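My entries follow the structure.

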Amino acid sequence: DGAEGEEEEDEWAVDWDDVMEELLPVIQEAVESDEPEIRRNAILALRKSVAVGDLQAMPLVRLAMKDSDWMCREAGVLALRELALPGDVEATEVVCTMLQDARREVREAALKALETVGRPGDEELISTLITIKEYSRKWADTSKRPAWEIRETGCQAIGVIADLDCEEGIASLKKSLTDERIDVQ
């Protein structure tokens, strides 16, 4: 009786590699749609379909990050949060780019993703985040958003990654306590 139950269980087993092989081309086609809602839903479906560390989905996530529709970019960041492994260099670079997005919703999703992809105390990442914060006026010129918003996001990101042993990160945050904007303080 037990062997019969195992056979029945195996009959219903799903080979996720086969599923992804069939699913990815469908999602790819939807991500290339002219309709933002279809693109967004495709990325959200991808988010729910991939396993952590599944890098075959990364090209579609990168495509979503460059979308003109902010909701598609946000969905891409959420998908990245689901599939990236902690410390993944490519994912960390993408998240740092999205921390500078013009839309607050995308930046907030990037902060949440940073909690997953970043490693606490990563000195190189902290240095990058400090650079984003310190050169906020430069980023503001290219992103067409106020410099204080970039400083605010930079502070939040440093707070996510810096640990108590990170002198450089703590010094940068202390410096922000005297910022002209209360949002940054």
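**Entry 1**

I began with Gln 185, which is partly exposed because its relative accessible area is 44%. The classes I use are buried for under 20% relative accessible area, exposed for over 50%, and partly exposed in between, with a 1.4 Å probe and protein chains only. Gln 185 sits in the segment after α11 (167–176). Helices here are DSSP runs of H or I with at least four residues, strands are runs of E with at least two, and both are numbered from the N terminus. Leaving aside neighbours within four places in sequence, I found Gln 185 in contact with Ser 176, Leu 177, Thr 178, Asp 179 and Glu 180. Contact means heavy atoms within 4.5 Å. I also looked up Glu 152, 33 residues from Gln 185 along the chain, and the two C-alpha atoms are separated by 7.9 Å.

I note that this is a predicted model, in which local features need pLDDT of at least 70 and side-chain atom pairs count only at pLDDT 80 or more, while totals for chains, interfaces and linings use all residues. Residues are numbered from 1 along each chain as its sequence is written, and side-chain values use heavy atoms, with hydrogens and water left out.

**Entry 1: the chain as a whole**

I counted elements next: the chain has 11 helices and zero strands. Of its 185 residues, 43% count as buried. Among contacts with a separation of 6 or more, 64% are between residues 24 or more positions apart. The chain exposes about 10800 Å², and carbon and sulfur atoms supply 50% of that area. Accessible areas come from the Shrake-Rupley method with a 1.4 Å probe, and for residues only the protein chains shown count as cover.

**Entry 2: the core**

I then looked up the largest nonpolar core, which has 46 residues. Such a core is a set of buried Ala, Val, Leu, Ile, Met, Phe, Trp, Tyr and Cys residues joined through side-chain atoms within 4.5 Å. The residues with the most contacts inside the core are Leu 46, Val 61, Val 77, Leu 80, Leu 114 and Leu 129. Elements giving two or more residues to this core include α3 (36–49), α7 (104–117), α8 (123–134) and α10 (147–161). The most comes from α7, with seven residues.

Which residues does Leu 129 touch, not counting those up to four places away in sequence? I listed Cys 96, Leu 99, Leu 114, Ala 157, Ile 158 and Ile 161.

**Entry 3: helix α10**

I checked how far α10 is covered: 12 of its 15 residues are buried, so the helix is largely enclosed by the rest of the structure. Among the buried ones are Trp 148, Arg 151, Glu 152 and Gly 154. Ile 150 is also in α10, and it counts as buried because its relative accessibility is 1%. From Ile 150 to Tyr 135, 15 residues apart along the chain, the C-alpha atoms are separated by 8.9 Å.

I also checked the length. At 1.5 Å a residue, α10 should span 21 Å, and its end C-alpha atoms are 21 Å apart, which agrees. The expected span is 1.5 Å times one less than the number of residues.

I turned to Thr 128, which lies in helix α8. It counts as partly exposed because its relative accessibility is 34%. Thr 128 and Ile 158 are 30 residues apart along the chain, and their C-alpha atoms are separated by 9.4 Å.

Is Glu 37 buried or exposed? I found it in helix α3, and at 58% relative accessibility Glu 37 counts as exposed. Glu 37 and Asp 69 are 32 residues apart in sequence and 9.1 Å apart in space, C-alpha to C-alpha.
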